[in-house]
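Please show me the sequence together with the model.

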Amino acid sequence: MKFQNISALLAEHGLPWVKGYAPLAHVQETLWPHIERALADDLMPTADPEELQRKTRRLRLRGGPLAPPKGNLKPPRVKVRQQTAFERDPAVRAYVLQQADGKCELCEKVAPFETEEGEPYLEVHHVRRLALGGSDRPENTVALCPTCHRWLHHGADAERLRRRLYARVQRLVEE
């Protein structure tokens, strides 16, 4: 019933209501300040990339046109959190880029541009992510154009693309 109360208040203020929770007829107006605070939080800047992604998604899911935001002319630098990173072997990266010979190993298109050093720009991707126990070896690493790299990380059909990589790139061994 609380979600139905929230839906009623959102609808009353011209916002889309909570999916699956039709607005109630009798509404607890005392909830509105809490809802307003939660909605305002989505508009607060953040340096955390995951939080930025979540807030962006919530704002886009609200529906209706968004007003042009003010933004920040000089965004402050902040320390997000202590981060850990995996040590990666530069020889693996160099080998994979050499094997790709300037072409994305997924879409097989030529790298979209050259770096300042005149090298084709491709990104090295671990087919089984390091965070999920993948190795840092040529048998788990491919060179991708930026589009295919993002697609493998964020695409709805990423698993199908992984399968395509295993079928296409001979050095890969499924981990």
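Q: How many aromatic pairs does the count come to?
A: This is a predicted model, in which local features need pLDDT of at least 70 and side-chain atom pairs count only at pLDDT 80 or more, whereas totals for chains, interfaces and linings use all residues. Residues are numbered from 1 along each chain as its sequence is written, and side-chain values use heavy atoms, with hydrogens and water left out. Rings of Phe, Tyr and Trp (its six-membered ring) pair if their centres lie within 6.5 Å, and by this rule the count comes to 1.

Q: Do the rings of Phe 113 and Tyr 121 count as stacked or edge-to-face?
A: Planes under 30 degrees apart count as stacked, those over 60 as edge-to-face and the rest as tilted. The rings of Phe 113 and Tyr 121 have centres 4.8 Å apart and planes at 10°, so the pair is stacked.

Q: What relative accessibility does Tyr 121 have?
A: Buried means under 20% relative accessible area and exposed over 50%, with partly exposed in between (1.4 Å probe, protein chains only). Phe 113 counts as partly exposed at 44%. Tyr 121 also counts as partly exposed, and its relative accessibility is 27%.

Q: Which residue in β2 stands opposite Val 124?
A: Strands are DSSP runs of E with at least two residues, helices are runs of H or I with at least four, and both are numbered from the N terminus. Two strands pair if DSSP finds at least two bridges between them, and here 4 bridges join strand β1 (residues 123-126) to β2, the two running antiparallel. Within this pairing, the residue of β2 that stands opposite Val 124 is Ala 143.

Q: Which residues of strand β2 are buried on the side other than that of Thr 141 and Ala 143?
A: In a regular strand the side chains alternate between the two faces of the sheet. Strand β2 (residues 141-144) is covered on both faces, with Thr 141 and Ala 143 buried on one side.

Q: Within what arc do the buried residues of helix α6 fall?
A: The buried residues of α6 (residues 158-168) are Ala 158, Leu 161, Arg 162, Leu 165 and Tyr 166. Taking the directions from the helix axis to the C-beta atoms, these residues line one face of the helix, because they fall within an arc of 145°.

Q: Which elements do the buried residues of α6 pack against?
A: Packing here is judged by contact, which means heavy atoms within 4.5 Å. On that basis, the buried residues of α6 pack against β2 and α5 (146-154).

Q: With which residue does the side chain of Ser 135 make a polar contact?
A: Ser 135 lies in the loop between β1 and β2, where it is buried with a relative accessible area of 16%. A polar contact is a pair of N or O atoms within 3.5 Å; within protein, one must be able to donate a hydrogen and the other to accept it, and residues adjacent in sequence count only if both atoms are side-chain atoms. At 2.4 Å, the side chain of Ser 135 makes such a contact with the side chain of Glu 175.

Q: Which residues are in contact with Cys 148, leaving aside its neighbours within four places in sequence?
A: Cys 148 belongs to helix α5 and is buried, with a relative accessible area of 3%. With those neighbours left aside, Cys 148 is in contact with Cys 104, Leu 106 and Cys 107.
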